[in-house]
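Colleague: I am new to this model and would like a close look at a single part of it. Please begin with the whole chain, then go to that part and its surroundings.

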Amino acid sequence: MKTRRKFINGLLILGTGLFASKKVSAHPAKSVLIHQVYFWLKNPKKDLKGFIEGCEKLVKIDSIKKAYIGTPAVTERRDVVDHSFQVSLTVYFDSLEDHNHYQLHEDHKAFIAAHEGKWEKVQVYDTKIK
């Protein structure tokens with residue numbers, strides 16, 4: 001037990017040193033637009049896999065800087081945490097123009113046409129980081 005504790009403490013010290021040595025900035029070098037989309041599916045058991053595959057095709061659009069597809073994390077249940085959605089899509093753009101290109105892109109329109117019947121609700125949050 002003592003060896004285990006010593007090992008864990010060593011890892012914590014090492015991790016703290018690594019974290020402390022990195023420069024953390026609240027502001028990226030240039031502005032970024034973050035497009036977050038949350039989907040509530042009508043029939044998640046049936047549609048989840050195909051829906052995520054559709055998202056994977058969608059994030060190949062050339063104006064996207066970075067993208068993440070996710071499902072609710074198994075975190076503590078609290079009043080302020082919403083675990084009710086089935087799929088989240090977080091997309092980073094370098095500019096509003098890149099976002100607008102994405103919105104009008106034929107692959108985005110095809111995704112909506114192919115999958116809009118699968119969702120019960122969709123919620124979008126767009127954030128500009130300066």
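Colleague: Among contacts between residues at least 6 apart in sequence, what percentage join residues at least 24 apart? After that, which residues of α2 are buried, please?

Modeller: The model is predicted, and local features are described only where pLDDT is at least 70, side-chain atom pairs count only at pLDDT 80 or more, and totals for chains, interfaces and linings use all residues. Residues are numbered from 1 along each chain as its sequence is written, and side-chain values use heavy atoms, with hydrogens and water left out.

To the percentage: 77% of the contacts between residues at least 6 apart in sequence join residues at least 24 apart. Contact means heavy atoms within 4.5 Å. The chain has 130 residues, and 25% of them count as buried. Buried means under 20% relative accessible area, exposed means over 50%, and partly exposed is in between, with a 1.4 Å probe and protein chains only.

Four helices and four strands make up the list of elements, and along the sequence they follow the pattern α-β-α-β-β-α-α-β. Helices (H or I, at least four residues) and strands (E, at least two) are DSSP runs numbered from the N terminus.

Now to α2. The buried residues of this helix are D47, F51, G54, C55 and L58. These buried residues pack against β1, β2, β3, α3, α4 and β4.

One of these partners, α4 (residues 106–115), packs against α2 (residues 44–58) at an angle of about 170°, with the axes 10 Å apart. That makes the two helices roughly antiparallel. Here an axis is a line fitted to C-alpha atoms, for helices over the stretch in contact, and angles run from 0 to 180 degrees between N-to-C directions. Under 35 degrees counts as roughly parallel, over 145 as roughly antiparallel, 65 to 115 as roughly perpendicular and the rest as oblique.

From α2, the contact is made by G50, F51, G54, C55 and L58, and from α4 by D107, H108, F111 and H115. By class, the residues of this contact are four nonpolar, four polar and one charged. For this count Ala, Val, Leu, Ile, Met, Phe, Trp, Tyr, Cys and Pro are nonpolar, Asp, Glu, Lys and Arg are charged, and the others, Gly among them, are polar.

Leaving out residues up to four places away in sequence, F51 touches F39, L41, V87, F111, H115, K118 and W119. F51 also belongs to the largest nonpolar core, which has 16 residues; F39, F51, L89, Y102 and F111 touch the most other members. Such a core is a set of buried Ala, Val, Leu, Ile, Met, Phe, Trp, Tyr and Cys residues joined through side-chain atoms within 4.5 Å. Two or more residues of this core come from each of β1 (32–41), α2 and β3 (87–93). In soluble globular proteins, nonpolar side chains tend to be buried together.

Two strands pair if DSSP finds at least two bridges between them.

β3 is joined to β1 by seven bridges in the antiparallel sense, and V37 stands opposite L89 of β3. Five bridges pair β3 with β2, also antiparallel; among the bridge partners, Y68 has T90 and K66 has Y92.

K60 is in the loop between α2 and β2, and at 67% relative accessibility K60 counts as exposed. K60 and D107 are 47 residues apart in sequence, yet 8.8 Å apart in space, C-alpha to C-alpha. H105 sits in the loop between α3 (96–104) and α4, and at 18% relative accessibility H105 counts as buried. Leaving aside neighbours within four places in sequence, H105 is in contact with I61 and D62.
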